[in-house]
Amino acid sequence: MEQAQSPSIGDCLKLLKGERDEQRLAGLLLVTKVCQRDDLASLRAVYDAVDVRFLDRLFKTGMGKGAAAGSGLDNRDAYLQLSVTIVAAFCRIPEIAASMDMVSKVPMALKIMTESNDAVLEECCEILYLVATSSEDGVSTFCESEGLKVIASRMHTMSDGSRTMELSIKILQYVLSKLPRDFITSSHLLDLATVVESLARQFAVLHSPLKFEALHLLSVIFSSKYLESLRETLRVMGDSKWSDYIHIGVMDILQNRVAPADKVHALVLAESMLSISGESWLLRQPNLTDCKVSVPVDRCLLLVLESARVEVAVLLNELAYLKYEASKYTSSSDTALSTKQQHLTVAFSLVEGIIKLISTMGENEEVISEATIIKVINGLNETVNVVLEYLQDAKEHGQKKGNDLIASVRLVGSYLAETPYASSDKVRELLEYMLSIEGEDEASPFYSICFLLPMLCQMTMEIQGCKTLISSRGHKAVVEFLVKLLCNPVTEDMDRIFLACDTVMNLLLKQEEVHFQMEESSCIGLLNALAFWAEESDDPSVLMMAASICVLGLDFTSEAALLKHPNFDSRSLTRLCHLISRSFAFATQGMADAVRSETDLIEIITSGFSRWADRFPSIKAAVLGV
């Protein structure tokens with residue numbers, strides 16, 4: 001008897017087709033009671049039966065912009081709840097969600113989210129998600145209606161792990177993947193930064209699948225083309241709780257058994273945090289009242305290092321297979337290669353960050369134990385050896401071009417700059433090859449030399465290091481690199497220029513001990529470039545450095561010999577005379593206090609001049625004329 005008297009979907013349809021608003025309202029109320037969420041056929045029938053104009057009026061009444069004619073009801077919240085619930089139900093049918101009728105509801109749903117209580121928040125998020133994922137018009141309307149700002153402003157009010165939070169995360173994941181390159185402006189960056197703050201908490205406190213959704217969205221945001229601008233926005237916002245939340249979440253992922261892809265996402269977050277907060281982020285101890293953890297201060301450092309080391313070993317092995325051993329190379333191989341190279345860049349960046357942290361360990365002696373430092377250094381040694389083996393493999397296959405090779409050289413260079421004699425046999429064997437490596441967009445080696453310069457400068461302070469560089473013909477690469485920079489010096493290159501100068505000077509100061517004499521063409525090119533560089537600069541450091549190297553370079557030649565060379569003429573000699581005489585004037589006027597290493601440089605210039613002055617009458621006349 002009760003089953004026979006229960007209302008059916010047919011009863012709903014009859015009411016919806018009624019002439020009066022009261023009947024249609026009753027029909028919609030009945031739909032919410034008799035129609036199941038997954039009963040798409042019934043929802044389709046309801047959508048076809050309902051008067052769209054009536055539904056719009058109901059929406060507006062709920063928003064306080066009108067009244068449902070003849071309804072006789074005053075409860076605005078009830079109208080709002082009913083209209084949003086019905087529209088959300090309709091949107092579960094993809095073709096309805098894609099219709100302009102539903103797309104037009106996106107601005108309304110966003111406005112409701114900004115003005116109403118949480119009672120309809122979930123249904124509004126469901127409308128936005130279903131419409132956005134069903135059509136391009138849905139995405140564009142969401143963006144044009146400042147959907148990102150609305151979601152960002154509401155996320156901090158949503159309950160942890162709620163369905164509303166889940167839908168918000170899914171909306172952002174989809175929309176961000178569809179945004180045009182020029183969409184994000186400075187105001188949107190602030191919205192994204194606000195989203196990061198809310199996501200970071202979910203990433204830390206949750207222990208459900210939504211934790212991984214938060215991780216994936218954070219990884220997307222930090223891997224996006226807007227990353228540099230976003231990092232600056234986050235820095236300006238200050239070091240708030242969100243960085244502690246990410247610290248906790250990253251440790252959770254890396255110390256548990258999760259999918260390899262999720263560990264990569266966690267490493268992306270860690271690498272981004274190092275670029276925002278510095279390497280010391282690895283040693284911070286979160287202090288959050290709502291997410292208390294008690295772990296050793298070095299836990300995050302060791303977890304990140306170990307995970308990054310594993311990624312480096314696995315990725316280099318897979319890259320070597322794809323490049324040298326895969327029997328069939330297809331377009332999908334290109335995609336796989338590109339993805340692995342991106343992941344390798346993240347892992348390398350983390351290892352380099354840890355190298356930098358360990359190199360400043362004197363500032364953190366009380367924070368990290370000696371045992372931890374030893375463990376980190378041993379891990380770094382092993383990883384550098386793995387990278388050197390990858391470079392050896394590339395050398396054997398005749399590969400000299402590739403961003404993965406450049407990145408490998410950078411990591412090796414950053415580590416050996418701190419420990420120049422680590423892996424000395426392998427480095428000696430590969431040095432010439434490493435200096436010849438080019439990036440994908442390079443016509444000749446440049447960045448490989450940049451990355452190795454700190455190591456070369458340290459190495460050539462010892463006689464054996466000079467011999468290693470000379471035997472690998474690395475001195476020619478350094479001189480050519482220096483000449484290229486000096487011909488068009490810019491402020492950004494000054495550190496590189498001085499490193500190259502120091503390396504060349506180290507060689508020249510030990511030329512007798514290592515039986516080294518620079519090739520005539522290289523020497524003349526360097527003399528011309530140094531004289532031009534000093535002539536264009538008022539910096540005393542530039543003057544004295546250029547003069548010192550020139551003085552050392554003149555030890556094994558003469559004025560007459562130089563003038564016979566086609567690339568050295570009277571103008572070149574005039575510049576050289578001017579350079580040496582200026583350096584003497586600077587030294588004798590007692591202005592050397594401003595010059596870096598001024599005492600040593602003055603000694604080099606004066607003693608060198610005394611050795612060869614008679615062979616260079618023009619320079620001697622210029623100096624004595626001072």
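These questions and answers set computed values for a predicted model against their definitions.

User: What are the ground rules for the numbering and the model?
Analyst: Residues are numbered from 1 along each chain as its sequence is written, and side-chain values use heavy atoms, with hydrogens and water left out. The model is predicted: local features need pLDDT of at least 70, and side-chain atom pairs count only at pLDDT 80 or more, while totals for chains, interfaces and linings use all residues.

User: Why is glutamine 511 called buried?
Analyst: Buried means under 20% relative accessible area, exposed over 50%, and partly exposed in between (1.4 Å probe, protein chains only). Glutamine 511 has 6%, so it is buried. Its place is the loop between α27 (494-509) and α28 (520-535). Helices here are DSSP runs of H or I, at least four residues, numbered from the N terminus.

User: What is glutamine 511 in contact with, leaving aside neighbours within four places in sequence?
Analyst: Phe516, Leu552, Asp555 and Phe556. Contact means heavy atoms within 4.5 Å.

User: Why is histidine 515 called exposed?
Analyst: Histidine 515 has a relative accessible area of 74%, so it passes the cut-off for exposed. Histidine 515 also lies in the loop between α27 and α28. Its phi is near 55°, a positive value in a residue other than glycine. Most residues other than glycine have a negative phi.

User: What makes arginine 473 partly exposed?
Analyst: Its relative accessibility is 47%, so arginine 473 falls in the in-between class. Arginine 473 sits in the loop between α25 (463-471) and α26 (474-487). Its phi, near 60°, is positive too.

User: How do you know the span of α15 is close to the expected one?
Analyst: The expected span is 1.5 Å times one less than the number of residues. Helix α15 (residues 209-222) has 14 residues and reaches 20 Å from first C-alpha to last, against 20 Å expected. Its buried residues include Leu210, Lys211 and Phe222.

User: What makes a set of residues a nonpolar core, and which members touch the most others in the largest one?
Analyst: A nonpolar core is a set of buried Ala, Val, Leu, Ile, Met, Phe, Trp, Tyr and Cys residues joined through side-chain atoms within 4.5 Å. The largest has 226 residues, and Phe222, Leu391, Met434, Trp533 and Ile619 touch the most other members. Helix α19 (residues 299-325) gives the largest share, 13 residues.

Terms used:
Helix = DSSP H or I, 4+ residues; strand = E, 2+ residues; numbered from the N terminus.
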